[in-house]
2 protein chains.
Amino acid sequence: MALSRRPDLVREFLAQQHLDGWIAWRPDEILLLTGHLTRWNVSLLFYPINAPPVLFVPFLEPRDHLPVGAKIVEYPWGDFDCADPFPILKARLADEIRATGASASRVGMLHRSSRGTLAVLAAENSPLPADFGDQIAAMIAPRSAAAENAFLDLFAIKTPEEIASIRLANRVALIGLDAFERACVPGAREIEVAIAVESAIALQTDVGEVFYSKGWAMVQSGPNSAEGGMFNRSTGRRLQSGDLVLIELATCVNGYWSDLTRTIPVGPGPLRPELQRVFDASRRAQSAALHAVRPGAVAGDVDAAARDVVHQAGFASFFTHHTGHHVGFRYHDPGFSIVPGATETLAPGMIVTIEPGIYVPELGGGARTEENVLVTGAGREILSAPGG
Amino acid sequence: MALSRRPDLVREFLAQQHLDGWIAWRPDEILLLTGHLTRWNVSLLFYPINAPPVLFVPFLEPRDHLPVGAKIVEYPWGDFDCADPFPILKARLADEIRATGASASRVGMLHRSSRGTLAVLAAENSPLPADFGDQIAAMIAPRSAAAENAFLDLFAIKTPEEIASIRLANRVALIGLDAFERACVPGAREIEVAIAVESAIALQTDVGEVFYSKGWAMVQSGPNSAEGGMFNRSTGRRLQSGDLVLIELATCVNGYWSDLTRTIPVGPGPLRPELQRVFDASRRAQSAALHAVRPGAVAGDVDAAARDVVHQAGFASFFTHHTGHHVGFRYHDPGFSIVPGATETLAPGMIVTIEPGIYVPELGGGARTEENVLVTGAGREILSAPGG
């Protein structure tokens, strides 16, 4: 695997697109470009081709994890004495573009994006004006689909530093999944199990390299597990012996994401044979797809590896979603999905989920296992394997 | 207080704006118009003036808390066999507009909105296309600032049913704040205190009338409490005797929001006298502002009631934010803020936060108390008072 540095990849992208610079403000874009986790989600980044990146941070932003090597420019968002900080931000942005010698007509940005990461400091969306993107776009180059696509391609191959960060997110997630296994006892409520997992993850805050750690655990048991292919939520239902229990777990550590699922049977009683068949088939499908992950593998073939097993087990119509997607800068990264017929190929440095599932309402249960898998030069590394 | 029903208020708004209907898709807008908590945040509502509202829900949406009295129309978002569900949604929307006899050129919507509520089912933003609003807008009436402002005005006065729901959110939040008081012991980490609070709130899921309950607790202790006026987060710092500990707590119950803050000293040792003065002044400011809340009170006067106390205590430059804002459909509702010079007046049915704060880095501490206060016909009711 080429040991690429992110700054080199960004400047290579800019040069290929004949751009003097790039503007980003969505949290996952800033994370990709600088490794920085924004807190208020009102930061903005200007990344010139020939100078260090310039990060515009609001007056209120914490100052203890700003990106090393970037120029930091404050603007007065959150300053009680400033009625409208955005004209000031735009003026400072124009100044910085000029200062690097860049031509504003050769600065690009991503116009389209919807499924970004959340603001981490508050229980609501980013407080940017709804037309913020349009306001910034009016300052720079016309929209270019080619440049936008090339920028989105940057999300697919992770650098060694990013892989380390996503590995850390998976290690923290596994601490949560240990708590899941301990909490799945008859009589426990789904929401109690979810709380145990989220608590175990949050407790890693400020432990070792971790300065931000948050999990979103969604636990579905018994008949609710059959809804695991549609939506994820934890209810007040109490686990019973003989249930399948499914957890969908999103974990964000220092800005980087893991996306995992586990399904376990609740003892002490055995699973009913038909649920055991669902469970076993989902595990075999998972194993088949994992073994198909290697550099050069076609995404549709990885999907087929899982789907064929499910089909042969007689559950074809109950595997109702993709086999996987890219992950790391978001809970769901941009890029191709691992679905029937997908022609894209896996390459070293990609991190994808592998998550076949089977959900049979008539049988009162569903099962899915989801791993996060790094494509290596030689094959694969399961980042979410215990001890991994 | 006029006992208004929300449907009457919505139809009155439409009639005054000479509109045949209104379209909404942001979660807080749909909550306002129908009381419905969307899960995937890809639902869309058409509210005609002369027929029941039509809620377009994705294939994947849970079906157990859909709004009573609304027409439900499914569209295939999340259906693995559907490549692009949005043209189908738009076609069905056009059909429903026609079916009510509405003229599309007399249907309005809110174009501008940025600080909405989060998606509750997933750890990321709504998966709608970034230009979704523009696509819908192209189908209906031209943009009208007057109609948008009138729609936003609908958020300010809550109906009796909504007040009951926001009271419930506050009662659940108080369960979290009880956990906060118990958890604030020397040696506890900020993140542990936050987890205790969030867990207590989540445990209310499916208890009594509560079907969704989630808290976001941000705990800042000792010197970190002096940053409480800038941002909110929980770190790994351990509480010490003599600390001030501040919690900022957002709580969402069944879609409705509470926004509370408490500050308490950690025993067994006493507060240093200078921190005691900060604490006492913040409490007196809080009490003064609360007593100023009544129907007809001018928002700027409520702010002055708090700010004068802080000024007289010698901390004027350390009260760095508003005294309050509307709350209930969001963590921060649209509408006027309670700030210096604000000329708007309080009216029965409004619910506002009252939250003066004092943060003095040089003294190593800060303090804020935040209540949610209903303006009544006679004066006020503190929804966040214990036993309230």
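**Close-up views of a predicted model**

**View 1. Three strands of chain A form an open sheet with the order β11-β14-β15 and antiparallel pairing.** Here, strands are DSSP runs of E with at least two residues, helices are runs of H or I with at least four, and both are numbered from the N terminus. Two strands pair if DSSP finds at least two bridges between them. At the edges sit β11 (351-354) and β15 (380-382) of chain A, each pairing on one side only. From one strand to the next, the twist averages 35°; angles run from 0 to 180 degrees between N-to-C directions, and axes are lines fitted to C-alpha atoms, for helices over the stretch in contact.

This model is predicted: local features need pLDDT of at least 70, side-chain atom pairs count only at pLDDT 80 or more, and totals for chains, interfaces and linings use all residues. Residues are numbered from 1 along each chain as its sequence is written, while chains are lettered from A and ligands numbered from 1 in the order in which they are written.

**View 2. Strand β14 (residues 371-375) of chain A meets β15(A) through 3 antiparallel bridges.** Look for Leu374(A), whose bridge partner in β15(A) is Glu381(A). Helix α8 (residues 273-292) of chain A packs on the sheet and touches β11, β14 and β15 of chain A. Contact means that C-beta atoms, placed from the backbone, lie within 7 Å. The direction of α8 makes about 160° with that of β11(A).

**View 3. Chains A and B meet, with 47 residues from chain A and 47 residues from chain B in the contact.** On the side of chain A that touches chain B, α7(A) gives the most, with 5 residues.

Note on methods: Two residues are in contact if their C-beta atoms, placed from the backbone, lie within 7 Å.
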